[in-house]
Amino acid sequence: MEITYQPYYTDPEFQSLIERIHPPRVCIDNDACQDCTLVKVDSANKHGILLEMVQVLTDLDLVISKSYISSDGGWLMDVFHVTDQLGNKVTDETLIVYIQQALSDSRRRGGGIPKELQACLKQEVKPCHVSTEYTAIEMTGRDRPGLISEISAALYELRCHVTAAVVWTHNARVACIIHIEDGLKGGPIMVPKRLAQVHEKLESVVDAHHESGECRSVRLTAPAAGRTHTERRLHQLMYANRDYEQCQGCDGSCRQWNGCTKTHVTIEACREKGYSVVNLRCRDRTKLLFDTVCALTDMHYVVFHAAISSKGTMADQEYFIRRQDGCSLNTQNERQELAQCLIAAIERRVSDGLRLELCTQNKMGLLSDLTRVFRENGLSITRAEIGTHGEKATGSFYVTDASGDEANLRTVELVRQEIGGSALMVYKSPSGTSRASSSSISRTSSGEVEERVKFSLGNLWSQLERFSENLGFTKS
């Protein structure tokens, strides 16, 4: 007989009362571990708060190498092991105060980080190349060579200046978010007739090579401070575009976790507690935890317990979840869709192709010029981020040839010379400072990937109890 638990819902007024009586407590501990900083959060719980906390840490470019999460009984107690991108502890006092305030504020205000908190930092904290001050275009559809070039050319023709753009491609699908301003007057485009003109033109570009019944969309939104986090929104657009349908992890033929570098996802039932247990193993990389928690949250699953660990080049994640209505995953179709969506969330950020770094003078039609040169030389964009900072435009492109194979370096050099040799550079990872994974690299003496660490609710609770001792000494 299946046990159904109470749906995950709290009355907003009661939730507000709990927050006033028990405000969030955040402790930054640099003494407990030799090689990382512990970020401990003790707070009343709500759906999505885990994603908000992970978002705060990843937007600061911090690396989460390990985490213990527990949120049963309407209360959460989460511990994150973090370092900077070079593997160092977080020791800057200004940054520590910022993390404490931002994590507490994300609980009270629903994830938004107010500008007054950013005043204490020298950097602006938000996803790369994102603006909330201009008109936003959200587009999804079938990927094809030259699509981004056609879109940017259409915008230039309409006298729209691109201030920021982020493009993801995966499984022959594309999703992009482009921020534009009026190329003549500056500022966001607010005139309904002009917006309708832009929308109609972009729809015609997207529809040009689509077959009947294929998913595609073009949407324009006005400037808003409360816009969804851009990378989370890209996940949502890709999910709505059903890019996960062809995803497949390891089929189990390797018969072991150790040594296999493919993505493993297993979903089992914990009938005693009414959980579904999701075990995930894949190659480690930056923002991996953010991407998997995004998928779970936006599919309306509640994470009650979790244990995250990175070993060598591989990462292990274990989640104890229920649906938001209190039920576990009952059918094979549910389990299969969740597994496919987790694999898709992992794969979307893994960029195929050669990385090109852009730094040049900002000007009207820059994106149109760049993508036209790529298209004319037979290069396809698999992922891109571009933004403007005053008179400068910076960003990165991942490119392949038109068939998806590795780009010819001679062709890339011709492209560089046409664009301007100093404006576009082939990315080379600095030795000793690059981070291909989201944790410090640690291999066995033979260079093999270390054995997967098995977690259980028992040892998860023992870890949390040990870490919670210091929470009473949190700075306010």
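**Entry 1: the sheets**

In what order do the strands of the open sheet that holds E1 and E9 run? I read it as E1-E2-E4-E3-E11-E12-E10-E9, eight strands with antiparallel pairing. I took two strands as paired if DSSP finds at least two bridges between them. Helices (H or I, at least four residues) and strands (E, at least two) are DSSP runs, numbered from the N terminus.

I noted first that this is a predicted model, where local features need pLDDT of at least 70, side-chain atom pairs count only at pLDDT 80 or more, and totals for chains, interfaces and linings use all residues. Residues are numbered from 1 along each chain as its sequence is written, and side-chain values use heavy atoms, with hydrogens and water left out.

I then looked at E3 (residues 63-70) and E11 (residues 301-311). Five bridges pair them in the antiparallel sense. Serine 67 has isoleucine 308 in E11 as its bridge partner.

I found another open sheet of eight strands, ordered E8-E5-E7-E6-E14-E15-E13-E16, with antiparallel pairing. Strand E8 (217-221) and strand E16 (424-426) are its edges, and each pairs on one side only. Here the twist averages 20 degrees from one strand to the next. Strands E6 (residues 160-170) and E14 (residues 379-389) run antiparallel and are joined by five bridges. Tryptophan 168 stands opposite arginine 383 in E14.

**Entry 2: the whole chain**

I counted twelve helices and 16 strands in the chain. Of its 476 residues, 51% count as buried. Buried means under 20% relative accessible area, exposed over 50%, and partly exposed in between (1.4 Å probe, protein chains only). The accessible surface comes to about 22600 Å², and 48% of that belongs to carbon and sulfur atoms. These areas come from the Shrake-Rupley method with a 1.4 Å probe; for residues, only the protein chains shown count as cover.

I also checked contacts (heavy atoms within 4.5 Å). Among those with a separation of 6 or more, 72% are between residues 24 or more positions apart.

Which strands does H8 touch? Helix H8 (residues 288-298) packs on the sheet against E3, E4 (75-83), E10 (275-283), E11 and E12 (314-323). Its direction makes about 20 degrees with that of E12. For such angles, axes are lines fitted to C-alpha atoms, for helices over the stretch in contact, and values run from 0 to 180 degrees between N-to-C directions.

Helix H9 (residues 332-347) packs on the sheet too, touching E9, E10, E11 and E12. The direction of H9 makes about 145 degrees with that of E9.

I looked up the cover of H8. Eleven of its eleven residues are buried. Among them are Phe290, Asp291, Cys294 and Asp298. Histidine 300 follows H8 and has a positive phi, near 65 degrees.

**Entry 3: the cores**

I searched for nonpolar cores, sets of buried Ala, Val, Leu, Ile, Met, Phe, Trp, Tyr and Cys residues joined through side-chain atoms within 4.5 Å. The largest has 56 residues. Val39, Phe80, Ile99, Tyr319, Ile321 and Leu338 have the most contacts inside it. H9 gives this core its largest share, eight residues. A second, separate core of 40 residues includes Ile137, Cys176, Ile180 and Ile189.

**Entry 4: salt bridges**

How many salt bridges does a search of the whole structure find? I get 25, each a side-chain nitrogen of Lys or Arg within 4 Å of a carboxyl oxygen of Asp or Glu.

Arginine 25 and aspartate 42 form one (2.4 Å, N to O). Arginine 25 is in strand E1 and aspartate 42 in strand E2 (residues 37-44), 17 residues apart. Arginine 25 is partly exposed, at 36% relative accessible area, whereas aspartate 42 is buried at 6%.

Aspartate 298 and arginine 232 form another (2.6 Å, N to O). Aspartate 298 lies in H8 and arginine 232 in H7 (residues 230-240), so the pair ties together parts 66 residues apart in sequence. Arginine 232 is partly exposed, at 22%.

Aspartate 325 meets arginine 323 at 2.8 Å, N to O. Aspartate 325 is partly exposed, at 36%. Last, I traced a network: salt bridges that share partners join Glu231, Arg285, Lys287, Asp291 and Arg349.
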